[in-house]
Amino acid sequence: MALIQWNDSFRVNIVEIDHQHQQLVGMINAMHQAMLQGTARETMGRTISELLSYASRHFASEERLFDRYGYPEAPAHKLEHEAFVAKVSEFKSTLESRQLSLSISVMQYLYGWVVNHIKGSDQKYAPFLTSKGVK
């Protein structure tokens with residue numbers, strides 16, 4: 001069973017961004033499934049590296065749009081992106097030091113971040129960017 005079920009409440013109505021958000025939800029759901037199957041330890045390192053790579057690409061996509069169209073709340077939004085990368089990097093360091101509670105900590109953080117960030121901060125920029133013709 002998926003931890004996060006993608007639905008229209010996550011959509012920002014910008015095709016590229018919605019697709020990227022679906023990828024993030026898929027990564028989190030795969031990690032959750034690995035936890036349920038008892039294989040999280042084997043997959044966690046790879047998944048954290050994928051999350052860092054994803055964050056780099058996805059945040060660059062959003063931030064290019066912010067810069068191109070002059071999104072007024074871009075500085076605060078970029079700080080949220082930086083905080084996410086810092087936290088996931090911290091998880092990677094913790095994993096490398098072999099702390100056992102990492103899987104649960106990662107899942108709790110990612111679930112909260114995805115739901116709150118996409119449905120909160122990302123939903124704020126959606127009307128602004130779509131009003132500029134971004135689809």
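Author: Let us begin with Val114, which touches Ile4, Phe10, Leu24, Val25, Ile28 and Lys119, leaving aside residues up to four places away in sequence; contact means heavy atoms within 4.5 Å. This is a predicted model, in which local features need pLDDT of at least 70 and side-chain atom pairs count only at pLDDT 80 or more, while totals for chains, interfaces and linings use all residues. Residues are numbered from 1 along each chain as its sequence is written, and side-chain values use heavy atoms, with hydrogens and water left out.

Reader: To which core does Val114 belong, and how many residues has that core?

Author: A nonpolar core is a set of buried Ala, Val, Leu, Ile, Met, Phe, Trp, Tyr and Cys residues joined through side-chain atoms within 4.5 Å; buried means under 20% relative accessible area, exposed over 50% and partly exposed in between, with a 1.4 Å probe and protein chains only. Here the largest nonpolar core has 27 residues, and Leu24 and Val114 have the most contacts inside it. Two or more residues come from each of helix 1 (15–37), helix 2 (40–69), helix 3 and helix 4 (102–131); helices are DSSP runs of H or I with at least four residues, numbered from the N terminus. Helix 2 gives the most, eight residues. Apart from this core lies another, of eleven residues, including Ile14, Phe66, Tyr71 and Tyr125.

Reader: How is the packing of helix 1 and helix 2 described?

Author: Two packed helices are described by the angle between their axes and the distance between the axes. Axes are lines fitted to C-alpha atoms over the stretch in contact, and angles run from 0 to 180 degrees between N-to-C directions. Helix 1 and helix 2 pack at about 165°, with axes 10 Å apart. Helix 1 is therefore roughly antiparallel to helix 2, a term for angles over 145 degrees. Among the residues of helix 1 that meet helix 2 are Leu24 and Met31.

Reader: At what angle do helix 2 and helix 3 pack?

Author: Their angle is about 170°, and their axes are 10 Å apart. Helix 2 is thus roughly antiparallel to helix 3. Phe59 and Phe66 of helix 2 take part in the contact, as do Phe84 and Phe91 of helix 3.

Reader: Is Ala86 buried, exposed or partly exposed, and where is its place?

Author: Ala86 is in helix 3 (residues 74–96). Ala86 counts as partly exposed because its relative accessibility is 46%.

Note on methods:
Angles under 35 degrees count as roughly parallel, over 145 as roughly antiparallel, 65 to 115 as roughly perpendicular and the rest as oblique.
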